[in-house]
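Here is my note on the model. Please read the points with the structure open.

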Amino acid sequence: MNSANKMKVVTAISFLTSILATTASSLIFALPASAGCGLLGLEPCPPKAIPWSQWAIETNHWLVRSKVFNHVYYSDRHPDINKAFGYNENALKKHWIEAGVNECRSSSPVFDVSYYLSSHSDLQRAFGARNCRKAVDHWYNGGIPEGRQGHPDFKASCYLNRYPDLQQAFGGKNYAAAIDHYLSSGRNENRNGKCD
């Protein structure tokens, strides 16, 4: 390619980059009210007529899915909550969303937010010692793929390493699949998720 053509390509790339930067900025800061939620407005928004916690429960938001939250475990682990709600799944989910996260309560056999935050000094530096809401988000979106331990009694890498059938099925680093397996059947099979 001669220098004249190279200059045309560089100019075209520069022009497109400036358009994309302007467009992205406009999308982020000037979305119409009818646009969705999330950074680029691509996620659905909860209806304004119902509380966010109710919408999260009805849509099975990740915050109330089994990796993060198990209503029986949550009720059994916290006697005050058990006394107030028994095993009413929706009431327990609502409590977890509205209060339990901020109170840093343990919510699942594979995830205890207090343990997660206290075990990772980088997260404490980033979020503070008690910002459990951000810690929950970090574990679900970053900690699981990184193989970070979220509970003192379960670590996905140890679980995979202990059972060759799971390594064969999921590979050595599919931590999300290991967690799903443990929750769906491994616990009932009395499989061990602890590290030795």
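1. Leaving aside neighbours within four places in sequence, which residues is Glu146 in contact with? They are His138 and Tyr175, where contact means heavy atoms within 4.5 Å. Glu146 and Tyr175 are 29 residues apart in sequence. Their C-alpha atoms are 8.1 Å apart in space.

2. A word on the basis. This is a predicted model, in which local features need pLDDT of at least 70 and side-chain atom pairs count only at pLDDT 80 or more, while totals for chains, interfaces and linings use all residues. Residues are numbered from 1 along each chain as its sequence is written, and side-chain values use heavy atoms, with hydrogens and water left out.

3. Glu146 sits in helix H8. Glu146 counts as partly exposed because its relative accessibility is 47%. The scale runs: buried under 20% relative accessible area, exposed over 50%, partly exposed in between (1.4 Å probe, protein chains only).

4. The protein chain has 11 helices and 2 strands. These are DSSP runs numbered from the N terminus: helices are H or I with at least four residues, strands E with at least two. The order along the sequence is α-α-α-α-α-β-β-α-α-α-α-α-α. Of the 196 residues in the chain, 36% are buried.

5. The largest nonpolar core has 38 residues. Such a core is a set of buried Ala, Val, Leu, Ile, Met, Phe, Trp, Tyr and Cys residues joined through side-chain atoms within 4.5 Å. Among those with the most contacts inside the core are Trp139 and Ile179. H8 gives the largest share, 6 residues.

6. Ile179 deserves a look. Not counting residues up to four places away in sequence, Ile179 touches Lys67, Val110, Trp139, Ile144, Phe154 and Ala156.

7. There is 1 cavity of 30 Å³ or more. The largest cavity holds about 70 Å³ of space. A cavity is a set of points, on a 1 Å grid over the protein atoms alone, where a 1.4 Å probe fits but cannot get out; lining residues have an atom within 4 Å of a point. Grid points are joined across faces, edges and corners, and the volume is the space filled by probe spheres set on the points.

8. The lining of the largest cavity includes Trp139, Arg148, Tyr175 and Ile179. H8 and H11 are the elements that give two or more residues to this lining. By class, the lining has 7 nonpolar, 3 polar and 2 charged residues. Here Ala, Val, Leu, Ile, Met, Phe, Trp, Tyr, Cys and Pro count as nonpolar, Asp, Glu, Lys and Arg as charged, and the others, Gly among them, as polar.

Terms used. 1 Å grid on protein atoms, 1.4 Å probe; cavity = no way out; pocket = protein on both sides within 12 Å on 5 of 7 lines; lining within 4 Å.
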